[in-house]
Amino acid sequence: MAHEELHLNLRNLTLDDYGQLQTLMDQIYDDIGGAWPKDTIEALVEQFPDGQICIEDNGQLVAVALTVCVKYERFSNPHTYDDLILRNEKIWHNADGDSLYGLDVFIHPEYRGYRLGRRLYEARKELCRSMNLRAILAGGRIPGYYKYSDQYSPAEYIERVDRKEIYDPILTFQLSNDFQVTRLMHKYLPEDEKSLGYATLLEWRNILYTPPSSVLNVKKTQVRLGAVQWQMREFTSVDEVLKQVEYFVDALSDYKSDFALFPEFFNAPLMGLTDQMDQTRAIRFLAGFTEQFRDEMSEMAVSYNINIITGSMPLLENDRVYNVSYLCHRDGRVDEQRKIHITPHERRDWVIEGGTDFEVFDTDAGRVAIMICYDIEFPELGRIAASQEVDIILVPFWTDTKNGYLRVRHCAQARAIENECYVVITGSVGNLPKVENLDVQYAQSSVFSPSDFAFPHDAVMAETTPNTEMIMFSDMDLEKLKLVRNEGSVTNLKDRRVDMYELRKK
C-alpha cells in the first residue's frame, strides 16, 4: 500500500459497519473463533457509541478498537475474558463504571506499519480524559509466548519483552503506549493456544482523573499568580509602607490573582529611621515591625481574597535573628518559612541564622514552597519539595548586581526544569542611599516553567522589565505539570537513579 494513496479517517463505528468488521475480525482472529456476532457489536454501538472507534481508508474499514466501561475495583483484579461476557454473547458494559476496558484492537495486516494502533490508543486516552475516568484496563494476550514456553516462565517472558530482548506483537505494542503490566492472569482466554491461556493485566492511569466531590471542595487547576517588583524608596513610617503594600494587593486582587508575591526585605527602607553605624542593631530595629507586617498583611489576604507571600523580613526570637517569609492564606491561616541558607553578607553584617525546617504548604490553589533568595541556589531543597509534589516554588529575592541576580535566575530556571514545577522569582529595584548594605538593587522578576511542548519554547512564562517598578501576572495550568511528569518528552522526576542515590532530610 503506497502511502500517497491513503485517505485515513478516524471515527466512531456505526451499525452499518458490521459487514466489513466481520470480515476483518475473521481474518485477524481465525485462531480464536473469528468475529463477534452482529448482535454483540450492535449492542456495543448502541450502549457506548463513543467507545467504539475505527479508522477507514477510502471508505474501507482497516482498524478497530472496541471498548466498554467497567468498575476499576472489579477489573483491576484477576479476571477472565468470560467475566466480560453476558448471556447471548452480549459484552458487559457498566454505564456507571469509572474506567474503560479495552476489549480488542485489531489492524488489517496490510496496514501494519502505519501506527494506526497508536492512533486508536490515543483516541481511547482522550476519551478516558474527557469522561474523567480513572484508568484504561485491558487483558493483553502474549501470542509469542508459545515459542519460548520451554525456556521461560510467563513472568520471565514478560520481563524479557519489557527489556526488548523478545518481541511480542501485542505486549510490545502495549508497553510502548505507556501501559503498565500490573499482574499475570491465568486462564484468561483458554482457547488462546499461542498465549497458553495466559494474559497480562494492563493499566494506563488517567493522571488528570478527579474523584467525584462537592464543587466547593474541588481544588483549582488554573492558577493566576501576581508578583510585585518593588521600588525601594525612602519611607518615614510603617503605615506608609503598608499603604504601598495594600495598593499592590488591591491591584493584584482586582485582576483575580490567587497569589501576591513580594520581594525579600521589601520593608528594609525602614532601617533608614535608625542609626546605620551598627548594622546588627539596625536589623533588629527592623525586626521590631515584623509582627505588625505579618498581622496586617494577613488581614489584607482575607479582605482582598488573595494568598499573600510577604516577601521576607527579619524575625527576632530568643535573641537570634532569622530571615522569615509568611504565607498568609485568604482563609486567615498563616504559615512561615525561614530562610535555610544564609549568605555571607547576612551572616557577617546582620548575624542572621538559618532556619532548620523546610515545608511544602497546601493552599486552595496548589501546593507551594517558599525558598528565600539564596535557598534557590541549592538543588536539594527543590528536590525535597518535588518529592512532596510541589506545584509552585516561590522565590522572594534581593540582589544588588546583575551577576548576583543571574545566579538566582539561572538556578531558579534549573529548579523548574529538574523538578517539573513552576518557579516564580521577584525582587526589588532602585536605590536606597540611606540604608547601609542595601543601597543598590537589581531585579527582573520572572516565572519559569518546565521545558517541554506544553510550555513556552524558552520555558519563561512571564517576566518584567528590568529595574522598573511594576506588577507581573502569570496564569499557570497545574494539570500540565501532571502531564509533563508522566508523559513528557523527558521525565526528570521519574527517571532519577534512586537505585544509586537518595536524598534524606534530617
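**View 1. Surroundings of S312 in the predicted model.** Leaving aside neighbours within four places in sequence, S312 is in contact (heavy atoms within 4.5 Å) with P263, E264, F265, F266, N267, N323, V324, S325 and I372. The residue lies in the loop between β10 (307-309) and β11 (313-317); strands here are DSSP runs (E, at least two residues), helices are DSSP runs of H or I with at least four residues, and both are numbered from the N terminus. S312 counts as buried because its relative accessibility is 0%, where buried means under 20% relative accessible area, exposed over 50%, and partly exposed in between (1.4 Å probe, protein chains only). This is a predicted model, in which local features need pLDDT of at least 70 and side-chain atom pairs count only at pLDDT 80 or more, while totals for chains, interfaces and linings use all residues. Residues are numbered from 1 along each chain as its sequence is written, and side-chain values use heavy atoms, with hydrogens and water left out.

View 2. I41 belongs to helix α2 (residues 38-47). With residues up to four places away in sequence not counted, I41 touches L13, Y18, L21, W36 and L66. I41 counts as buried, because its relative accessibility is 4%. The C-alpha atoms of I41 and I91 are separated by 8.7 Å, although these residues are 50 apart along the chain.

**View 3. Crossing of helices α11 and α12.** The axes of α11 (residues 379-387) and α12 (residues 402-419) come within 10 Å and cross at roughly 35 degrees. Axes are lines fitted to C-alpha atoms, for helices over the stretch in contact, and angles run from 0 to 180 degrees between N-to-C directions. P379, G382, R383 and A386 of α11 make the contact with R415, E418 and N419 of α12. By class, this contact of α11 with α12 has two nonpolar, two polar and three charged residues; Ala, Val, Leu, Ile, Met, Phe, Trp, Tyr, Cys and Pro count as nonpolar, Asp, Glu, Lys and Arg as charged, and the others, Gly among them, as polar.

View 4. C128 is in no disulfide, and the nearest cysteine sulfur, that of C69, is 8.9 Å away. For C411, also in no disulfide, the nearest cysteine sulfur is that of C373, 10 Å away. C128 is buried, with a relative accessible area of 0%.

Notes:
Disulfide = S-S within 2.5 Å.
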